[in-house]
Amino acid sequence: MRVELLTIGDELLIGDVVNGNAAWLGRRLADHGVDVTRSVVVGDELDVIVAAVESALSRADVVITTGGLGPTYDDLTRDALAKAAGAALVRDPALERRLRERVAAAGRTLEPMALRMADVPEGARVLPNSEGSAPGLRFDLRGGVVYALPGVPYEMRTLMDATVLPELEERAGLPAVARRTLRTAGIWESVVATRLAPVERMDGVRLAYLPSPSEVRIRITAAGENPEALLAEAERAARDLLGDAVYGTGDESLDRVVHRLLAERGATVATAESLTGGLIGAELTEMPGSSATYAGGEVVYATELKHRLLGVPAELLERHGAVHPDVAALMAVGVRDRIGADYGLAVTGVAGPDPQDGQPVGTVHVGVAGPGTEPVVISPRLPVAAGGPEARGVVRRMTVVQALELLRRTILGLDAEPGTQHARKDPEE
């Protein structure tokens, strides 16, 4: 079955909005064994949309569009489908009634323009949208099928999973599949792929690697007569090969894992941040209820504040500068003791775009001081190029991940990566 994607909107063409819908659709369809043969973006012009739909139907069995189903005059997908089919737009009484009820329930007045969302090309089937006002449409057209979905991401995803994917699976006779995503941190994508080579060779199993700064997600897809059993076998094998680099599954983010581990132990953490400027604290307060395990933090960007607020010796800062493993260690101890948390987490480094004190961009030291233990410091080599604003953002994001991963490993009593751990019984040595 050949499927093409058509995403519609001027905002996509000029770059005001990143085309996340096409990326999500491509991944989702691939997960279900459906190959996307082409993905096209067009603007809000009626004839351009019509031509794009007709062109896609000349090659594909199924065309999925997103966008252009709203109430304004530049929402032209309905009109384009009607024109391509030589059909009229007809007001659907049930859709109009639902719109009026939805607007009334919100205590608002219905604008006449909004009723455009109740117009349906003759011959099209309405796909109910439980998450929004604009319904989706299915149109059998020129020997193929067009699914028109809203551009609002969560509305599009709901319709895709509830209606479109089940119909495509039935139409194509696709095998049943099962999926699971494993999440890792602090390990290179090439290392992950190398370790998982035996899983790659398993019949009926496909792996997709989804890297982001200092993290790699591995999506495992199993297909066959008993996909759940095959998935369980593949996941066990992957976990055995990756070991404790796996920190979670599915949508379980690293900050949530850290909060869970702290909560299980009745423990708290405090943060001391230099180059990240509060990003770790922001990450640790993203989850509702995070105050139960996140005690607070200090942003000590200026070197002098590391001494005045955290007690890092002035002579150490003068001798080595602010970017040094011993500084990270004592920052972690200082913030732990001054705030009264069980764990102190600290970072210092060079985010760029310029080197600092002769140290290149990407030099980072992360320290964790646990309850009653000596601090542990890692000094990861972050793979970024010096001299650009993009590198600065990457360094900061990677540092957040490295810090949370070191905290996770410390809580669990795991070793840091070989060759990166420093015992700091006497930071003055």
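**View 1. Three domains along one chain.** The centres of domain 1 and domain 3, taken over C-alpha atoms, lie 46 Å apart. The protein chain is divided into domain 1 (3–172), domain 2 (177–249) and domain 3 (254–412), with bounds that come from an automatic or database domain assignment. This is a predicted model, where local features need pLDDT of at least 70 and side-chain atom pairs count only at pLDDT 80 or more, while totals for chains, interfaces and linings use all residues. Residues are numbered from 1 along each chain as its sequence is written, and side-chain values use heavy atoms, leaving out hydrogens and water.

**View 2. The second largest pocket.** Here we look into a pocket with a volume of about 420 Å³. Of its 14 lining residues, Arg 28, Asp 31, Thr 181, Arg 219 and Asp 251 are the closest to the centre. Charged residues (Asp, Glu, Lys and Arg) number 10 in the lining, beside two nonpolar and two polar ones. Helix 2 (20–31), strand 9 (177–185) and strand 11 (215–223) each supply at least two lining residues. Domain 1 and domain 2 each give at least three residues to this lining. A pocket is an open set of points on a 1 Å grid over the protein atoms alone, where a 1.4 Å probe fits, with protein on both sides within 12 Å along at least five of seven lines; lining residues have an atom within 4 Å of a point. The volume is the space filled by probe spheres set on the points, which are joined across faces, edges and corners. Helices (H or I, at least four residues) and strands (E, at least two) are DSSP runs, numbered from the N terminus.

**View 3. Backbone details in two loops.** Most residues other than glycine have a negative phi, and most peptide bonds are trans. In the loop between strand 10 (205–212) and strand 11, Ser 214 has a positive phi near 65 degrees. Asp 357, in the loop between strand 15 and strand 16, has a positive phi near 50 degrees, and is exposed (over 50%), at 60%. Pro 353 is also placed between strand 15 (343–349) and strand 16 (364–369), and a cis peptide bond, omega about 15 degrees, joins Gly 352 to Pro 353.

**View 4. A stretch to view with care.** The chain averages a pLDDT (the predictor's confidence in each residue, from 0 to 100) of 91. Over residues 418–429 the pLDDT is below 50. Where pLDDT is low, the predicted coordinates should not be read in detail.

Note on methods
Contact = heavy atoms within 4.5 Å. Buried < 20%, exposed > 50% of the residue type's maximum accessible area, 1.4 Å probe, protein only.
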